[in-house]
Amino acid sequence: MPLLTRIRGPRDLDRLSPEQLDQLAAEIRTFLVDAVSKTGGHLGPNLGVVELTIALHRVFESPKDKVLWDTGHQSYVHKLLTGRQDFSKLKMKGGLSGYPARAESEHDFIENSHASTVLGWADGLAKANEVLKKDDHVVAVIGDGALTGGMAWEALNNIAAAKDRPLVIVVNDNERSYAPTIGGLANHLATLRTTDGYERFLAKGKDLLERTPVVGKPLYETLHGAKKGLKDFIAPQGMFEDLGLKYVGPIDGHDIDALESALQRAKRFGGPVIVHCLTEKGRGYQPALADEADRFHAVGKIHPDTGLPVSTSGLDWTSVFGEEMVKLGKEREDIVAITAAMLQPVGLDKFAKAFPERVYDVGIAEQHAAVSAAGLATGGLHPVFAVYATFLNRAFDQVLMDVALHKCGVTFVLDRAGVTGTDGASHNGMWDMSILQVVPDLRIAAPRDADQVRAQLREAVEVEDAPTVVRFSKGAVGPAVTAVGRIGGMDVLRRPADTVVRPDVLLVSVGALAPMCLEIADLLDAQGISTTVVDPRWVKPVDEAMAPLAEQHRVVVTVEDNSRAGGVGSAISQALRDAGVDVPLRDFGIPPRFLDHASRGEVMAEIGLTAPDIARQVTGLVSKLDGRFEESRAAAEPARD
Ligand SMILES: Cc1ncc(C[n+]2csc(CCOP(=O)(O)OP(=O)(O)O)c2C)c(N)n1
Ligand SMILES: CC(=O)[C@@H](O)[C@H](O)COP(=O)(O)O
Ligand SMILES: [Mg+2]
């Protein structure tokens, strides 16, 4: 990499010739395939923005000018050009984040990987520049997928209103989210793309007319003066221009010279301007280009030559859900499915293949998904909205007010619930069982294994007058955990020896943490501490048998892969208080803080959500109770003379 290694910062790009820029682009692509095949990551999106990122950092002066990335998964090239070229620990503990990270660089601004927020950030920054009379440029890069998110249009509505407030919006249009981008906007972008020769047409037209004697120049001036008419005639871009936004494009997103020319025009424009760039996801890497599903949107470790996975994982939670959905779809014609631009990642691809007319990809639009689900339910169907737990956060009000208030039978299936780890703070599914606690009548299931996913999904879709939630982890599903009994609606996973009159600990195991909770019980047993392990299965509402069962124990311990703040532990504690059961409760969960990227195991160890950590703390708690018990017994004994 003779050129890439010499790039220490964006200004090092300035001295490169066009030929060297093309060589640099090739070196970057080679680097990306080599590095990301070893670590996993967002290979396809980054292969698509190589030239675009080079051009952006040549035309704008980061960090004085703010280059902002929507979702941020496509910022690897940006990192390479801003002094970060060690990708050996990408997305790993202590290594580079897979997204922009302020702690990593002054060139990074937006850290969260929730889509469709960049234009809001840009609007705010542009307003700040106006108030503070700063002449920094604000450049927002947004993908065609992220542009299907409602927040993007809320921002555009505001941005377009300020005709003299400089702001450059770069639409990175590769026609895909994971799958091809859906909807009217995508169709409109397509009309713009189909005239991708528009700029060339205009340039040729200008050249021809200027060489035409007498009438040529005035005619060109007339035509150029009527550029809207000319453009609409050649490239109907009414939507953006009707909004009041200057539209530049479509531009070949892999032609550095064309990109720089367009970005320079945008930089000088002095108001809000959209630069529409046509790019190719996975560009330059045949295995990615051949991947019809998602052009290697996010890959694990792969063989660089073939793109094939280095290792295959066993049965995963997502597949269990997807296969059960197909069975349900055959049994019930009223069941329909919704995805927010993540059909395959959430496991609905098989359902879509079997029932193409009963699946809806709404784009990256989780709020719309939830509201349209209320409509589908009211219309007589039972919608199942499958979404990553963290992405449902933004649809909380729609779940509360549109689905629950109207008593709609909608099932939300939350994949990637709990600590996911490598995608960083905004990807952990750690808030759902807290924020959804406040939704009246909503029920939450946390299946502990594959059998329970199947069973609880079926129980959920039977509920027709309230929202139901089924939440499970990322990755391979653990071994089946068999119940040894049932109390109320709760599965008993382990009972203490029959000889124990009042067991020490009632251990409430939530969802996928059941194997860990059984390990905790073993560790406690080795300390002579007796434990009953229960899996509530439905963690909201708290099972009516919980309080009486708690009363039969000395202490209650809850363990959940969710924030401790307002989680299942809090709900059970409240239920015990409401029932007048005064048994100490210790809740274990994720601390309410943002968790840096690392593997799931590393994060769980960091936050003390491991069997040894929890067993140690519970042992201390019981010893303290014993101590108190000894003290109170001693105090009760008559004083010996
Ligand atoms: C709110 C939200 N929903 C879903 C996702 C998952 N997600 C990550 S990237 C992506 C596709 C983005 O498509 P686009 O904006 O076109 O970027 P590209 O990958 O094509 O460069 C999706 C759906 C997300 N990050 N945020
Ligand atoms: C950027 C984004 O939000 C997704 O692409 C995410 O990185 C995928 O995560 P999984 O790898 O868990 O599917
Ligand atoms: Mg895209």
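**Stop 1: ligand 2.** Select ligand 2 and the residues around it: T71, H73, S113, H297, A298, P345, R416, T420, D423 and K474. A residue is near a molecule if its C-beta atom, placed from the backbone, lies within 6 Å of it. This is a predicted model: local features need pLDDT of at least 70, side-chain atom pairs count only at pLDDT 80 or more, and totals for chains, interfaces and linings use all residues. Residues are numbered from 1 along each chain as its sequence is written, while chains are lettered from A and ligands numbered from 1 in the order in which they are written.

Color the shell by class. Two residues are nonpolar, five polar and three charged. (Ala, Val, Leu, Ile, Met, Phe, Trp, Tyr, Cys and Pro count as nonpolar, Asp, Glu, Lys and Arg as charged, and the others, Gly among them, as polar.)

Now color domain 1 (4–195 + 235–289) and domain 2 (317–471). Both give residues to this shell, so ligand 2 lies between them. The domain bounds come from an automatic or database domain assignment.

**Stop 2: ligand 1.** Move to ligand 1. Its shell has 24 residues, and A115, G143, G145, A146 and S177 come nearest. Nine of the shell residues are nonpolar, eleven polar and four charged. Domain 1 and domain 2 each supply at least three.

**Stop 3: the core.** Select A140 and V275. They have the most contacts inside the largest nonpolar core, a set of 183 residues. Such a core is made of buried Ala, Val, Leu, Ile, Met, Phe, Trp, Tyr and Cys residues joined through C-beta atoms within 7 Å. Buried means that 20 or more other C-beta atoms lie within 10 Å of the residue's own; exposed means 12 or fewer, and partly exposed is in between. Next, show helix α1 (residues 18–39), which gives this core its largest share, seven residues. Helices (H or I, at least four residues) and strands (E, at least two) are DSSP runs, numbered from the N terminus.

Stay on V275. Beyond four places in sequence, it touches V168, V170, V248, G249, I251, A262, L263 and A266. Contact means C-beta atoms, placed from the backbone, within 7 Å.

**Stop 4: I487.** Find I487 in strand β12 (residues 485–487). Is I487 buried or partly exposed? It counts as partly exposed, because it has 15 C-beta neighbours inside 10 Å. V534 is 47 residues from I487 in sequence, yet their C-alpha atoms are 8.6 Å apart.

Key
Contact = placed C-beta atoms within 7 Å.
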